[in-house]
Amino acid sequence: MTARIVFTTLAATALIAVAPIAQQAPAPAPASAPAPAAANPKLDALKKEAVAEVENRKVFTQQMVDQIFSYGELGFQEVETHRYLVDILKKNGFQVEEGVAGIPTAFVATWGSGKPVIALGSDIDGIPQASQKPGVAWHEPLIEGAPGHGEGHNSGQALNVTAAIVVKKIMEREKLSGTIRLWPGTAEELVGTKAYFIRAGLFKDVDVALFTHVSDGLDVSWGARSGTGLVSVQYSFQGETAHAAGAPWRGRSALDAVELMDIGWNFRREHLRLSQRSHNVIIDGGDQPNVVPRTASVWYYFRETDFAHIKEMWETGDTIAKAAAMMAGVELLPTKVLGAAWPQHFNKVVAETTWANIQKVGMPQWDEDDQTLAKALQKELKNPRAEGLTTKLGEQLQGPVRENTGGGSDDIGDVSWTVPTVTLRYPANIPGLPGHNWANAIAMATPIAHKGVTAGAKVQAMTILDLVMRPELVQQAWTYFKDVQTKDTKYEPLIRPQDQPAIWLNKNTMDRYRPEMKKYYYDPAKYKTYLEQLGIKYPMVKK
Ligand SMILES: [Zn+2]
């Protein structure tokens, strides 16, 4: 799997400037080629060692992927996941601060000292109603109605933890200056925490943030990414109960205001920009039909491609909510922001550095079983092109998106406007899936995820070493951040001073399902893999 890595054997020391040498076998020229690095045989040797050490730890990595998959916890309730990761990190010499930014399932684990400070992050939460047996190419929940890892957030921490432990060992021996800081993307599916981490100062001394996210390919990009930022707002109304048949004229229905707000928004939608996305769920619609609803709440996501337009949509939403309250004769209570995310913008220098390492690692070697599962699932989902897993890297490093037609959000956007950041996307899932769905869980505790995470950890370990041993990269990354990215656009949080992390979310759902889910927690002392524990003969496909 590492055959594409070519290391120079020049005997020159790292500090002697020598003519740039070709780093490796021919690869298509990136759109924007990084300045060729001076030969650095020591760095090359340490990277080679890191790659071998990540490979040696592939069982450890697999166990983390499977363990977190089996917890399947929703945002803000990642109690088991939090405990598990904190224990591993403490055992491996990291100092851990728990409950950061007032969020019980958020931690910061630190090792090392001095510059650079490298922050490694990845999300940890699951998706409602995504419970699914892994390795089975059709919908088969472990527990009907329970949450599960229908996005693949069980895998990114495993990648970072393995990479961090490997690099830590090398840095200790080589007495290299630098600080490694691991942190979880708690409640990412609610875009619920990263803006609060920033407010709490978690990134104030960070030089570079290396984020990871599950994907079906191995890549990284720089500049403005496609997709949106968003603000997530709860509108609650208060009216007066009455007998809905006996004296309806004495009541005022809060649910009427919710429905009127939704109708108003849906009319207004025609006159919004094409790049917007907006959606809502009614989280309180009253108690029973013969009691006029005294309280009702609706929860909106307002998404747009830049800060100004997000704010504009939010103001429109507030206006419609006030108008709906007036029509229904009820009170609009103070609104709650439940989450927020800036649109994402990734650092050019860090992306180029990561991309060079991606080319050295290459895609994992999928075997026939992996491809059989992937093609069977694609067929099950009536995907017109059931082409299986991605086998090749993209041809070049992707730059800024040309036309942003909107899409999903990730609160790593806030981090990306605070310090130089990239998201390393690693190939742990099957292409062509709907997202936020049981289907996205199927590969996530199989060899597909295990191989993809190990490949990603190799890239991550090499990139950390680059940043530690080539201080000029950190400097260049900040030059891009200050002189290009934030020249005209400055970060301004969407969360307001009065907003607090919405740590109560998902509590009821987890309280309901956790006792049953506990029976399915992975036990690595007894079983090599989670598939083995569940008695699944990989891959299971329809004949
Ligand atoms: Zn995600």
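What you have open is a predicted model, where local features need pLDDT of at least 70, side-chain atom pairs count only at pLDDT 80 or more, and totals for chains, interfaces and linings use all residues. Numbering runs from 1 along each chain as its sequence is written, and side-chain values use heavy atoms, with hydrogens and water left out.

Next, zoom out and switch to C-alpha atoms. They fill a box of roughly 90 × 55 × 45 Å along the principal axes.

Now colour by secondary structure: you get 14 helices and 13 strands (DSSP runs numbered from the N terminus; helices are H or I with at least four residues, strands E with at least two).

Then select the zinc ion. Which protein donors hold it? Pick Glu 151 (OE), His 153 (NE2) and His 213 (NE2), lying 2.0 Å from the zinc ion. Donors here are N, O and S atoms within 2.8 Å of the metal (3.2 Å for Na, K and Ca); water is not among the atoms, so sites may look incomplete. Along the chain, the donor spacing reads E-x1-H-x59-H. His 153 sits in the loop between strand 3 (117–123) and helix 4 (156–174), and His 213 in strand 5 (residues 208–215), so the pair ties together parts that are 60 residues apart in sequence. Keep both histidines selected: His 153 and His 213 are buried.

Methods. Buried means under 20% relative accessible area, exposed over 50%, partly exposed in between (1.4 Å probe, protein chains only).
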